[in-house]
Amino acid sequence: MAISLADTQRPEPVKPVSNRVRAWRRFARNRLAVVGLVIILGFLVLAVFAPLIAPYKPDAANFALAFHPPSAQHLMGTDDLGRDVLSRMIYGTRSSLISAVAIVAVGVGIGVPIGLVSGYYGGLLDDVIMRLVDSGLAFPGLVLAMAMAWVLGPSLFHAIIAIGVVTIPQFARVTRGQVLEVKSRQYVEASQCLGASPLRIMFRHILVNIATPIIVVATLTIGSALLSVASLSFLGLGPPPPAPNWGEMLQAGSEYLTNAPWISLFPGIGIFLAVLGFNMFGDGLRDVFDPNH
Amino acid sequence: MAGFVLRRIINLIPVAFIVLLVTFSLIHIAPGNPAYTILGEQASPSAVHLLEVKLGLNRPLVVQFLVYLGHAVRGNLGRSLLDNQSVAQLIVTRLPVTLELAALAVIVSLIIALPAGILAAYRPNTWIDSLSRFLALVGAAVPNFWLALLLVYFLAVAHHWLPALGWVPLNQGVGSNLVHLVMPVIVLALPLVAVTSRVLRGELLEVMHAMFIQVARAKGARERAVMLRHALKNALIPVVTVVGLQVGGLLGGVVITESIFSLPGMGQLVVNAIFDRDYTVLQGSVLFMAMVVLIVNLLVDLCYAWLDPRIRYN
């Protein structure tokens, strides 16, 4: 046996717990956050495997089957065109999740660089950018998004652009605030002394250190983005039918509220659960990263 | 304080200018001729020409903007494309409905949120706190148009407890006016309750660590008195800001609720303008709402500074 004496005599080292593991443990203890994550993952599975999970084709109309209440064949009933509400709900997960994530991508992709530059350079540039942000925040988000979606014409892409643009100021403001907090830290000064370019300092040094609050805001914004997309669709400013979409389903069903309430009841539950999931997850993330909050 | 007020108002000027620039540019974000954007692709050339002349779309952009600016500053928001009524006049006639709805929503939300926040902070991490947190999460996640439909279904259609829709002016009876507002106010107040109660709880818990709370306890004040007489006053100041910041979201909610409950307010004006392709009304309403948000935020800032002198000298 080639076991050296030094190896056998060394005491068992105490395994250091990494920050990541510690954060995960704190997260796992937060029941609300875990439930939120489970809800999100559930919707993700529905979206990815929609063709395998949905019992019917989402746009298979059959007037003979119209307005069937929930039953064993149609768990959530059928709509005015005889389409299976459950299947449309499952397919609707796709456009809802994709649009919500895309909206936040627009907000983060444009808002975060603006906030970084504004906070890092300061001075007149910061003043100008902050006035722009202030005016952006003055608009009631949903109303501005409605007007923009109307001008651009109803489509999923335009709804994403309209709502995404409206979220930019909030990301710019959060990012700027965080930059101001860390920009006089020593690691920033050190890289300035070493001659790193401003771009490198902003994106490689500052951004990674302020990422967590931005991620928290982004997660919570996914929730509100889901609501905004549904609102636009409800007002007929979202993607045109027949693509299944929760807001549009709810709106179409609202005409039959008295005799077939299930047509709008279930899409509403879908939107509610998805928003709840992202909000719970976002709240939990904030508790994990910022226990003092 | 006078200096602070002046500085705030001066700060507002560039922001208001940018807001105007945005509402002016609104129609130009779509590619192609704005007249076609307003009228639709299948508009006749003569209709397009008429509209271009009416809105001045055939003039250089800079001139268009300066004219728009000049008019807006004097309160002229143009004329409706549908019936040539003054947009400003339309907004003014519809404002009382929206004001009453929004004010009631804020008042009702405070009546629920203040006790909820105080109770949650008084017994943090107990079942009361968890319940309030859960209700806040639910309140923030319920789609308002869905909640509106559910209320209509259960309270009006299924049980006839409340009228489903419509509006009765105040001068035709306060009672029936209020009865028509019960459901819209619930829909609008719920998200406000969610935010306000949680912020109040957080602020209260933070204030409870302050030295003056220790002093109050040390002199023998009961815990309830410490919270209600000493902590609450300080915790309420940030709550004022939060309520002010909700105005934008409230206006978005107003658009949805007024169109569902057919209340003849500003929100319904916006939705009708969208369906009627009445661009000038849409543009004017967006501008007006943004200005309302700016002014409310200014008032909140001034309130804040008046309540808390530390802010004025910052």
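Tutor: Happy to! Let's start with B:Val207, which lies in helix H8 of chain B, spanning residues 174-207. A helix here is a DSSP run of H or I with at least four residues, a strand is a run of E with at least two, and both are numbered from the N terminus. B:Val207 has a relative accessible area of 11%, so it is buried (buried means under 20% relative accessible area, exposed over 50%, and partly exposed in between, with a 1.4 Å probe and protein chains only). Setting aside neighbours within four places in sequence, B:Val207 is in contact with B:Phe212, B:Ile213, B:Ala231, B:Asn234 and B:Ala235, where contact means heavy atoms within 4.5 Å. B:Gly248 sits 41 residues from B:Val207 along the chain, and their C-alpha atoms are 28 Å apart.

Before going on, a word on the ground rules. This is a predicted model, in which local features need pLDDT of at least 70 and side-chain atom pairs count only at pLDDT 80 or more, while totals for chains, interfaces and linings use all residues. Residues are numbered from 1 along each chain as its sequence is written, chains are lettered from A and ligands numbered from 1 in the order in which they are written, and side-chain values use heavy atoms, leaving out hydrogens and water.

Now look at chain A. Its secondary structure consists of 13 helices and 0 strands. Helix H5 of chain A, residues 85-121, has the highest mean pLDDT among the elements of that chain, at 95, whereas helix H1, residues 5-9, has the lowest, at 55. That score is the predictor's confidence in each residue, from 0 to 100. Over the whole of chain A the average is 89, and 94% of the residues score at least 70.

Helix H5 of chain A also holds A:Ser95. With 15% relative accessibility, A:Ser95 counts as buried too. Not counting residues up to four places away in sequence, A:Ser95 touches A:Leu156, A:Pro244 and A:Asn245.

Stepping back, buried residues make up 49% of the 293 in chain A. Of the contacts in chain A with a separation of 6 or more, 73% join residues 24 or more positions apart. Finally, the C-alpha atoms of chain A fill a box of roughly 80 × 70 × 30 Å along the principal axes.
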